[in-house]
Each structure stands twice: as C-alpha cells, then as structure tokens.
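Dear colleague,

Please find below the structure that I am handing over to you, followed by an account of what was found in it.

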Amino acid sequence: MVRPRMSNVTSSASLSTRFSVWFKSFPLVTRTVMSICCVLYIAGLLFGTFNGPACLQPIRVIYQYQVWRLFTAAWLHSGILHILLNMMAFYPMGTHVERSIGSLQFAYLIVLFDLLGNLMFCLIAFAAFKNPISVYPDFMLQCAVGLSGVIFGLLVVQINLSSSSTQSVFGFFTVPAQYYPWVLLVVLQFLMPGVSFLGHLCGILCGYAYVFGWLHLVMPSAARLNAMESSRWLGWLVVKDGYISNPSLGGLSNGARQAASSFSLRGLLPVWGSASPSSAPFAGVGHTTGSGSPSSAAFANNHRPLPPPQRPNTSSPPPASSNNTGPPQFPGTGHVLG
C-alpha cells in the first residue's frame with residue numbers, strides 16, 4: 001500500500017516540475033501575459049465574470065466615456081475554449097516575436113496593439129452607426145472580449161520576421177505567407193460566425209501599420225529602449241529569468257536582423273522571396289476587442305519598418321576571386337519557430 005502512494009506522489013511531483021520548467025522556458029513577457037489572462041479567467045469563475053463592465057462596447061466608450069474598456073477587454077475571455085485557443089496561439093507566436101525584438105519593446109507592442117486596435121474598433125463602429133446611407137448599429141452594441149485582436153496583429157509581425165514563404169491553414173491547405181492573416185480572418189469567420197470580425201480585422205491593420213513603419217512616431221527608439229533598460233527603475237526587471245534585452249539595429253535580432261528592402265503596398269500586403277514552406281500557429285478565436293534629439297539618419301535607422309527576410313541565391317556559386325584578401329562575408333541567417 002505504501003509503494004503505490006509513493007509512486008503517485010513521485011509522478012505528481014515530476015509532472016508539476018516538468019510543467020514549471022516548460023512554462024519558465026517562455027520569455028518573460030509572454031508568460032506574464034498568459035498568466036494574467038488565466039488568472040483573470042479563473043477569478044471570473046470563482047467570483048463572477050468581469051466581462052460586463054470591462055468588455056469593449058463602443059456605445060459605452062463613446063457616449064458614457066468608459067475609456068478603460070479600451071484596455072481591459074483584451075485580457076478577459078468568454079469561455080474555456082476561447083481562452084484555450086487564444087493561449088495556444090499566443091505562446092509560440094509571442095515567444096518568437098519577443099525573442100526577436102526584445103521583452104520591453106514586445107510589452108509595449110502588446111499594449112499599443114490593444115489600445116490602438118480597440119480605438120480603431122470604436123471609430124469604425126461609430127462611422128457605421130452614423131452612416132447617412134444605411135445605419136448599422138450592431139458594432140456599437142457588441143460586447144467584445146479576448147486577446148485575439150492582439151494575436152492577429154502579432155501574427156502579421158511574426159510573418160514578417162519569419163523566412164517562411166507559405167503558411168498552413170489548420171493543416172488542410174497552404175497559402176502564401178503574405179495572404180495568411182487575411183485567409184485566416186475569413187476562414188475563422190466562416191467556421192465560427194460568433195467571433196468578432198471587426199476586432200480581428202483591426203488587429204491585422206495594427207500589425208501592418210507596425211511592419212510598414214506607420215507607427216514610428218509612437219514607437220520608442222532603440223536608444224530610448226536601451227536607456228530605459230539601464231535605468232534604476234527597470235533594473236529589477238532586466239535581471240529576471242526570461243527577460244530578453246533590447247537587440248540593436250532597430251530592435252531586430254538573429255534572423256530578423258536583415259537588410260531593409262522595399263515593400264509592395266498593393267493590397268496592404270508585403271512581398272518577399274520564396275523560402276521553404278513551414279506551418280505557423282493559428283490565431284486565437286472568440287470575441288475580441290479582438291535624451292537628446294537624434295539626427296534624421298539615426299531616427300530612420302531606429303524606426304524603419306521590419307524588413308522581409310532575404311535568402312541568398314544558391315542557384316550558382318559566386319565566382320572565386322584571388323584578389324579578395326579580406327575576411328569572408330556571410331549572409332544573415334534566419335530562423336523559423338516551429
């Protein structure tokens with residue numbers, strides 16, 4: 001009788017230890033966001049839901065000035081399936097993006113996508129409500145919650161940091177990576193009509209606004225991020241396990257630190273070269289809220305849009321040159337988060 005009990009205790013301890021090790025392997029901000037969402041969901045089950053006074057409802061934001069809803073809605077979820085899908089989509093995506101741009105900029109980006117996406121949601125809802133041709137009040141009355149809008153924005157950023165040229169849609173078929181967020185937007189709406197189409201759409205638009213550099217006026221420069229990390233009031237944070245320091249060269253690192261190249265704005269979709277296909281995590285579903293003055297050159301460096309990855313041309317080897325006595329040049333290599 002004693003041995004089975006000891007075996008159960010050992011198995012339980014081993015399982016909890018393995019979960020702890022797995023969870024602590026995530027970067028700091030990624031696991032903090034997941035913890036906040038899970039704690040708030042469990043608190044809602046125990047003490048009653050917070051969704052009513054905290055969801056994104058444009059009519060209350062605009063006419064009753066309940067502006068806190070612009071921030072709080074993303075951290076709440078409407079059910080176990082809702083939060084489960086969102087967290088499953090967020091943790092690999094958040095891990096990839098946070099390790100590429102640093103923890104501080106990643107945390108700022110989440111808050112920015114949250115506020116900007118929800119503000120965009122309210123403006124579109126108000127425009128539809130005041131449409132002189134045909135009044136559409138449904139968006140104004142929606143009560144949306146969930147991190148899905150932020151996830152869709154991060155999905156656009158992840159695709160631009162990745163070297164993959166195709167993405168898999170739930171394992172059924174693949175699409176070019178630059179079209180993946182739009183295809184996913186339509187497929188999710190078809191499979192789950194109750195999700196917030198406008199919330200997801202606003203998240204995608206926020207993501208493209210970031211990668212095209214349209215948010216550079218509200219994004220902190222690399223020098224500012226480095227100064228903040230070196231400050232006394234953030235010293236306790238940068239020494240935490242899992243904290244990713246701000247990379248140089250405009251916030252990019254590893255495979256994401258590539259030479260800048262042009263984007264095609266046709267259809268608001270980036271265009272880049274081909275690479276080996278790779279699948280990507282699907283975005284979460286459910287109702288969403290879905291120093292001195294630097295020089296102009298330094299400003300452009302610190303705020304340039306995320307460049308698409310470039311892969312070297314391997315069709316023919318470069319001609320050897322006997323006059324080249326300098327060190328060999330290696331093209332930057334990227335990585336794809338599986």
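Helix 6 bends by about 30 degrees at Phe 90, and a proline, Pro 92, follows within four residues. The bend at a residue is the angle between axes fitted to the seven residues ending there and the seven starting there. The helix covers residues 80–101, and its 22 residues reach 31 Å from the first C-alpha to the last, close to the 32 Å expected at 1.5 Å a residue; the expected span is 1.5 Å times one less than the number of residues. Of these 22 residues, 16 are buried, and helix 6 is thus mostly covered. Just after helix 6, Gly 102 takes a positive phi of about 95 degrees.

Please note that this is a predicted model, in which local features need pLDDT of at least 70 and side-chain atom pairs count only at pLDDT 80 or more, while totals for chains, interfaces and linings use all residues. Residues are numbered from 1 along each chain as its sequence is written, and side-chain values use heavy atoms, with hydrogens and water left out.

The secondary structure of the protein comes to 15 helices and two strands; helices (H or I, at least four residues) and strands (E, at least two) are DSSP runs, numbered from the N terminus. Of the 338 residues, 46% are buried. Here buried means under 20% relative accessible area, exposed over 50%, and partly exposed in between, with a 1.4 Å probe and protein chains only. The accessible surface comes to about 17,800 Å², of which 66% belongs to carbon and sulfur atoms; such areas come from the Shrake-Rupley method with a 1.4 Å probe, and for residues only the protein chains shown count as cover.

Turning to the cysteines, the count comes to one disulfide, defined as a pair of cysteine sulfur atoms within 2.5 Å. The bond joins Cys 55 to Cys 143, with 1.7 Å from S to S. The pair links distant parts of the chain, 88 residues apart: Cys 55 lies in the loop between helix 3 (51–54) and helix 4, and Cys 143 in the loop between helix 8 (138–141) and helix 9 (148–161). With -105 degrees about the S-S bond, the link is left-handed. Cys 55 counts as buried because its relative accessibility is 0%, whereas Cys 143, at 37%, counts as partly exposed. Cys 122 is in no disulfide; the nearest cysteine sulfur, that of Cys 202, is 9.0 Å away. Cys 202 is likewise in no disulfide, and the nearest cysteine sulfur to it, that of Cys 206, is 6.8 Å away.

The two strands pair in the antiparallel sense over four bridges; pairing requires that DSSP finds at least two bridges between them. Ser 168 stands opposite Thr 174 in strand 2. Both faces of strand 1 are covered, with Thr 166 and Ser 168 buried on one side and Gln 167 and Val 169 buried on the other. Strand 1 and strand 2 form a hairpin with three residues between them, and Phe 170 in the turn has a positive phi of about 55 degrees although it is not a glycine. Phe 170 counts as partly exposed because its relative accessibility is 29%.

Tyr 65 also has a positive phi, of about 60 degrees, and is not a glycine. This residue is found in the loop between helix 4 (58–63) and helix 5 (69–72). At 64% relative accessibility, Tyr 65 counts as exposed.

Yours sincerely
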